[in-house]
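Subject: Structure handover

Hello,

Please find the structure below. My notes on it follow.

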Amino acid sequence: MQAAVALLKEKPDYTWVGIYLLDGNELVLGPYLGKPSPHTRIPLGRGICGAAATEKQTIIVDDVNADPRYLACSIETQSEIVAPIMLNGVVLGEIDIDSDRRAAFGADDRALVEAIAAMLAPKLAEAQ
Ligand code: SME
């Protein structure tokens, strides 16, 4: 997980990169790079993180300030991508990335983050 976070953090627009792990009905913050987040535990019903885990799909938000689900982590954040880490349809966790640039995440970013989530899934399942 640390290696995945470090790799993604190299991208210039990826201001905050972290992995949340699902623990019961809560997402618990694991390895991350960027400023400390106040959201170390997020109930499934809350935030863009909670929505991505509940809907079992990647969510891209071009303007976080226009999304009522958004839980603020940093005042500078403008856009966000959250991709669930799933194995056989079961959510194990997710990759969450914030950018200080509006609409920073497109199809290429989605493909990259989903590919890394797919690589992590069997390792997380094995570790659990
Ligand atoms: N913005 C997220 C909360 C986590 S912080 O970005 C690190 C959300 O809305 O779920």
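The bend at a residue is the angle between two axes, one fitted to the seven residues ending there and the other to the seven starting there. Helices (H or I, at least four residues) and strands (E, at least two) are DSSP runs, numbered from the N terminus. This is a predicted model, in which local features need pLDDT of at least 70 and side-chain atom pairs count only at pLDDT 80 or more, while totals for chains, interfaces and linings use all residues. Residues are numbered from 1 along each chain as its sequence is written, and side-chain values use heavy atoms, with hydrogens and water left out.

Helix H3

H3 bends by about 30° at Leu120, and Pro122 follows within four residues. The helix covers residues 107-127, 21 residues in total, and reaches 30 Å from its first C-alpha to its last. That is close to the 30 Å expected at 1.5 Å a residue (1.5 Å times one less than the number of residues). Its buried residues (under 20% relative accessible area, 1.4 Å probe, protein chains only) include Asp109, Val113, Ile116 and Leu120. The buried residues of H3 pack against helix H1 (2-9) and strands E1 (16-23), E5 (79-87) and E6 (90-99).

H1 against H3

The two helices pack at an angle of about 170°, with their axes 11 Å apart. Axes are lines fitted to C-alpha atoms, for helices over the stretch in contact, and angles run from 0 to 180 degrees between N-to-C directions. H1 and H3 are therefore roughly antiparallel (over 145 degrees). Ala4, Leu7 and Leu8 of H1 make the contact with Leu112, Val113, Ile116 and Leu120 of H3; contact means heavy atoms within 4.5 Å.

The sheet

Six strands form an open sheet, ordered E3-E2-E1-E6-E5-E4, with antiparallel pairing. Strands E3 (41-43) and E4 (59-61) are the edges, each pairing on one side only. Two strands pair if DSSP finds at least two bridges between them. On average, neighbouring strands are turned by 25° against each other, direction ignored. H1 packs on this sheet, touching E1, E2 (26-33) and E6, and its direction makes about 60° with that of E2.

Strand E6

Nine of the ten residues of E6 are buried, so the strand is largely enclosed by the rest of the structure. E6 pairs with E5 over nine bridges, where Val82 stands opposite Asp96 and Met86 opposite Val91. Six bridges join E6 to E1, and Ile19 stands opposite Ile95 there. The hairpin of E5 and E6 has two residues between the strands, and Asn88 takes a positive phi near 50°.

Regards

How values were computed
Buried means under 20% relative accessible area, exposed over 50%, partly exposed in between (1.4 Å probe, protein chains only). Angles under 35 degrees count as roughly parallel, over 145 as roughly antiparallel, 65 to 115 as roughly perpendicular and the rest as oblique.
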